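Here's a quick briefing to read alongside the structure. Have a look at the model first, then work through the points below.

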Amino acid sequence: MLVPKPVQIMKSQFVFPRHTKADLPVIARGDGLWLIDTDGNKYLDACGGAAVSCLGHGDRAVLDAVKAQLDEIAYAHTSFFTSEPAERLAEMLVDRAPAGIARVYFVSGGSEAMEASIKLARQYFLETGEPRRHHIIARWQSYHGNTLGALSASGNRWRRSQFEPLLVSAMHHVDPCHYWRWHDDGEDGRAYGERAAASLEDKILELGPGSVAAFIAEPVVGATMGAVPPVPGYFSRIREICDRHGVLLILDEVMCGMGRTGTMFASEAEGIAPDIVTIAKGLGAGIQPIGAMLCSGSIYDAVEQGSGFFQHGHTYLGHPVACAAGVAVLNAIEERGLLQNVRTMGAKLQAALVARFGQHPHVGDIRGRGLFFGIELVADRNSKTPFDPGRKVHAEIKKAAMAEGLMCYPMGGTVDGKAGDHILLAPPFIIDEAHIGEIVDRLGRALDKTLPQTATA
Ligand SMILES: Cc1ncc(COP(=O)(O)O)c(C=O)c1O
């Protein structure tokens, strides 16, 4: 019998690496929550890459749906055709979307979805005879993408700084909503939420009523602040302020949407509906790149009855294969009861994290919602003083976790874009209790190695 020769996978010299000095393993394959490199090392995926792989790796139903679509039609430009998977996915999303959301614009990722939302907000006011409205307000310490429009909206100073001269001057920033870090002594959650929301109204008044087009926020802030949910009441107040001043509310659910926080749309938990909402990441589960911008019927109608044309577009809008993946992902989430699993396993993971790290001298806060958690690291628990950013604690933890066979998503700059470290956890929705034990054990060993409990800043 002919034995196939093992394929030697070499690292290419041509791929532009994200981190120039990184010596990354070469991925070979995935199986459920595990990723396996070409040396046979296994890594437990506790973050879905960047909160992407919500069904784990190698989900048969989604792979089959993608393959079947490839056999029918892979690509047809949206100026010539619509497609069954795009129409089907749009209908499924609208059926599950917050009240008033009626139309879907499919793109290839989160930044593209955010660009589309910003442009649609601007065009809406041209269509409705309010051309003065051009300012966009977002929040400090948010992340909305790396293309220049989305980066301009992003409030993370580190990600912005070297591109600052290129960023859009019509973008402005107000306070984030992060009670644990920013509340005053004796201030309760409600009062803090009122104060954080009031910073939006102050900014609208400062820029001039009638000149602000939209406010952008992540319902649960992901990559840059580490899974921070809002305090109760914050978003209702934001909605009121937007309504009072005729400002559109754009919710960026690129990371926290599509079931990640236990509801299909994260805003469901806040009891409010946006005018525009963006999704990506979990929508394609990493099997296909796809994002979407969803807007209200009244915004769509204004464009349709006005110029009749949204002046935007990309080559891969509404890609049939990506949309077929999206349909299969939504079916998988619903038919397998995965939203319930997100909530049940989320509660168990939270309990396990608190039990293991709640008293750790360098863990300041453990927060999150659904299967979306942030562990904020501090040099000193009482004063919440972050580590010296030069030490790059987050990078050390990522390395130590990989050595333990664990993928988590640590990030620096948690407090102000420079100081602060957190670890983001966003495991696949198919997680079970055994996985939770493994995640906490492996993370515990990585943390102990990086921040021995006697260590100081
Ligand atoms: C909240 C949020 N918005 C937008 C983006 C940008 O998405 P993408 O990287 O797919 O362009 C991200 C990516 O992490 C994100 O977390």
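Is arginine 132 buried or exposed? Arginine 132 is exposed: its relative accessible area is 53%, and the cut-off for that label is over 50%. Keep in mind that this is a predicted model.

**Around arginine 132**
- You'll find arginine 132 in the loop that runs between helix H4 (110–127) and strand S5 (135–139).
- Leaving aside residues up to four places away in sequence, arginine 132 touches Pro209, Gly210 and Ser211.
- Methionine 114 is 18 residues from arginine 132 along the chain, and 21 Å separates their C-alpha atoms.

- Leucine 166 sits in the loop between helix H6 (157–161) and strand S6 (171–174).
- With a relative accessible area of 54%, leucine 166 counts as exposed, because that term applies over 50%.

**The open sheet**
- An open sheet is built from 4 strands, ordered S1-S2-S3-S13, with mixed pairing.
- At its edges are strand S1 (27–31) and strand S13 (406–407), each pairing on one side only.
- Helix H14 (residues 433–450) packs on the sheet and touches S2, S3 and S13; the direction of H14 makes about 110° with that of S3.
- Strand S2 (residues 34–37) pairs with strand S3 (residues 42–45) in the antiparallel sense, over 3 bridges.
- Leucine 35 stands opposite tyrosine 43 in S3.

Conventions: Residues are numbered from 1 along each chain as its sequence is written. This is a predicted model: local features need pLDDT of at least 70, side-chain atom pairs count only at pLDDT 80 or more; totals for chains, interfaces and linings use all residues. Side-chain values use heavy atoms; hydrogens and water are left out. Two strands pair if DSSP finds at least two bridges between them. Helices (H or I, at least four residues) and strands (E, at least two) are DSSP runs, numbered from the N terminus. Contact means heavy atoms within 4.5 Å. Axes are lines fitted to C-alpha atoms, for helices over the stretch in contact, and angles run from 0 to 180 degrees between N-to-C directions. Buried means under 20% relative accessible area, exposed over 50%, partly exposed in between (1.4 Å probe, protein chains only).
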